[in-house]
Amino acid sequence: MPHTGKLHYVDAKGKHTGHPVIGYVPQYLRFDVSAPTSVQDIFCACLTRRPVWLFPAGKLRARIEKSLARVHAEHLIDRRLGALSGGELQRVLLALALDPMPDLLLLDEPVSGVDQNGLELFYEIVADLREKEDMAIILISHDLNMVAKHADQVVLLNKGVICSGTPEEVFADARTKHIFGLLAGETAREAAADIPESEAAETAEPMEGGERG
Amino acid sequence: MTSIYTILQALLPFEWAGHHFMLNAFLAILLVTPLFGLLSTMVVSNRMAFFSDSLGHGAFTGIAIGVLLGSVSPLLSLVLFSVAFAVFITYIQNKSTASTDTIIGVFSSTAIALGLMMMSYGGGFNKFSSYLIGDILSVTPDDIGALAIIFVLVLAAWGVLFNRLLVLSINASFARSRGIPSFWIQSAFAALLAIIVSISIQWVGILIINALLVLPAAAARNVAQNVKQYHAVSVLSALASGITGLLLAYYFNMAAGATIVVVSAGVFFVTLALKPYFVR
């Protein structure tokens with residue numbers, strides 16, 4: 001159900017700031033795993049107009065290595081995209097979203113289909129970004145423990161905003177408990193019916209608030 | 001042209017090079033097969049094999065319109081019709097929720113039927129049958145001049161379009177999130193394919209032209225790890241199959257287009273057998 005509309009980006013004083021750079025990490029990227037495209041190829045294709053098939057990466061390679069180092073993935077530069085594990089792919093996609101450094105980072109259930117180790121590494125990297133970089137991070141997740149541990153602000157959504165505030169406030173709220181009581185029941189039923197995705201509840205957590213100047 | 005013939009004959013001291021029609025065909029293959037090799041990479045990566053097949057089918061209508069109108073050359077009408085047809089299918093694919101297969105199937109069969117209907121008007125279908133098989137030996141020196149211009153134009157277009165096409169081929173929503181106008185890029189690629197297909201049809205033939213857009217990259221995928229290798233193998237395999245096919249066809253007196261495709265298919269099966277040693 002795609003929704004359309006207009007978004008206005010304003011700074012703390014309510015002034016229009018033009019187009020912010022938005023980095024986006026998609027939820028479970030579907031692509032042809034047999035494609036002969038390396039990590040370096042996809043970076044070059046996203047960063048420049050110089051045709052990848054013709055020119056060597058040159059100076060760009062150092063920049064790509066730096067980007068990948070940010071997500072502990074510099075060893076993956078010559079690997080084929082299809083040969084990456086779920087966690088490695090999400091880290092590469094995160095590195096792509098961070099070059100150029102965005103004002104707003106959108107993470108849409110970035111760790112669905114990632115194993116436990118990969119998941120912890122991914123959250124560590126995001127927590128590190130939140131600490132060091134000047135950017136707002138919005139993460140959509142069903143993983144309540146991670147949300148409680150890392151978020152500054154939590155918004156509970158279920159066909160609209162149910163409640164919002166700090167993690168303590170939201171998780172103490174009766175409505176949250178009610179929803180997740182329902183969700184637990186629903187997840188069990190879903191598992192039985194083998195429906196892959198739930199629209200029941202989404203938790204968005206702007207880690208540094210929604211806007212910045 | 002005479003000086004080019006002299007140079008080629010000095011470089012290629014073989015019996016076949018004594019014929020001008022063979023040298024013309026040889027030059028045409030040098031110019032056209034690398035283009036097929038290039039475009040083929042994204043036909044295969046974007047799963048457009050059926051789409052490029054439909055371009056060949058659409059050619060029936062394009063040629064028939066040209067002949068019926070009389071005043072324009074069949075080739076011009078074919079190119080214009082194919083480009084419009086390709087962009088139209090891309091547009092409908094973007095608008096409609098029906099599956100790509102179904103949409104292409106509908107338009108492809110409509111175009112082929114419409115073309116056959118118009119061609120058979122007045123009972124003169126036979127004059128079109130040369131388009132089904134094609135004849136690479138019918139290339140003229142004028143054609144080669146035109147091919148040289150097209151070669152440069154397609155190469156330039158491939159330079160401009162490729163990076164965005166590559167991101168699109170990975171995932172369309174991801175491409176849109178990077179600000180890539182997917183419809184325009186896809187349309188430009190579809191139009192480029194349409195131009196190459198409609199120009200080459202007179203030499204390769206409607207029945208097998210799609211093989212040249214699928215086989216080179218399909219073979220390259222079996223052994224390539226990255227975009228550069230993919231292109232290099234695809235272009236080289238198209239070029240080598242083209243030259244080998246032409247010579248085999250000359251010495252054994254067979255249809256050149258078909259022989260080229262059979263050699264390409266041979267290259268594909270060889271790379272398929274080598275796949276375990278290359279792709280990890």
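This is a predicted model: local features need pLDDT of at least 70, side-chain atom pairs count only at pLDDT 80 or more; totals for chains, interfaces and linings use all residues.

Modeller: A residue is called buried when 20 or more other C-beta atoms lie within 10 Å of its own, exposed when there are 12 or fewer, and partly exposed in between, the C-beta atoms being placed from the backbone. Residues are numbered from 1 along each chain as its sequence is written, and chains are lettered from A and ligands numbered from 1 in the order in which they are written.

By that criterion Asn253(B) is exposed, because 7 other C-beta atoms lie within 10 Å. Asn253(B) has a positive phi, near 55°, although this residue is not glycine. Its place is the loop between α11 and α12 (256-278) of chain B. Helices here are DSSP runs of H or I with at least four residues, and strands are runs of E with at least two, numbered from the N terminus.

On this assignment chain B has 12 helices and 0 strands. The radius of gyration of chain B, taken over C-alpha atoms, is 19 Å, close to the 19 Å from the globule rule for 280 residues, so chain B is as compact as a globular protein of that length. The globule rule is 2.2 Å times the number of residues to the power 0.38. Along the principal axes, the C-alpha atoms of chain B fill a box of roughly 55 × 55 × 30 Å. Of the 280 residues in chain B, 48% are buried. Two residues are in contact if their C-beta atoms, placed from the backbone, lie within 7 Å. Where contacts in chain B join residues at least 6 apart in sequence, 72% are between residues at least 24 apart.

The contact between the chains takes 24 residues from chain B and 22 residues from chain A. On the chain B side, α7 (141-170), α8 (172-177) and α11 (227-252) each supply at least two residues. The greatest contribution there is from α7(B), with 8 residues. The side of chain B that touches chain A comprises 9 nonpolar, 11 polar and 4 charged residues. In this grouping Ala, Val, Leu, Ile, Met, Phe, Trp, Tyr, Cys and Pro count as nonpolar, Asp, Glu, Lys and Arg as charged, and the others, Gly among them, as polar.

Turning to the interior, nonpolar side chains in soluble globular proteins tend to be buried together. A nonpolar core is a set of buried Ala, Val, Leu, Ile, Met, Phe, Trp, Tyr and Cys residues joined through C-beta atoms within 7 Å. The largest such core has 123 residues, and Ala28(B), Leu39(B) and Leu193(B) have the most contacts inside it. Helix α2 (residues 20-45) of chain B provides the largest share of this core, 16 residues. Leaving aside residues up to four places away in sequence, Leu193(B) touches Leu39(B), Ser52(B), Leu55(B) and Ala86(B). Another core, of 7 residues, lies apart from the largest one and includes Met146(A), Ala151(A), Val154(A) and Val170(A).

Chain A contains 7 helices and 6 strands, which follow the pattern β-α-α-α-β-α-β-α-β-β-α-α-β along the sequence. Buried residues make up 29% of its 213 residues. β1(A) pairs with strand β2 (residues 104-108) of chain A in the parallel sense over 4 bridges, pairing being assigned if DSSP finds at least two bridges between two strands. Tyr24(A) stands opposite Leu106(A) in β2(A).

The peptide bond from Asp99(A) to Pro100(A) is cis, with omega near 0°, and Pro100(A) is in the loop between α3 (86-97) and β2 of chain A. Lys159(A), which is not a glycine, has a positive phi of about 55° and is found in the loop between β4 (154-157) and β5 (161-165) of chain A.

As to confidence, chain A averages a pLDDT of 79, with 84% of the residues scoring at least 70. Within chain A the lowest mean, 44, is in strand β6 (residues 202-206), and the highest, 92, is in helix α1 (residues 39-47). Over residues 194-213 of chain A pLDDT stays under 50.

Notes. pLDDT is the predictor's confidence in each residue, from 0 to 100.
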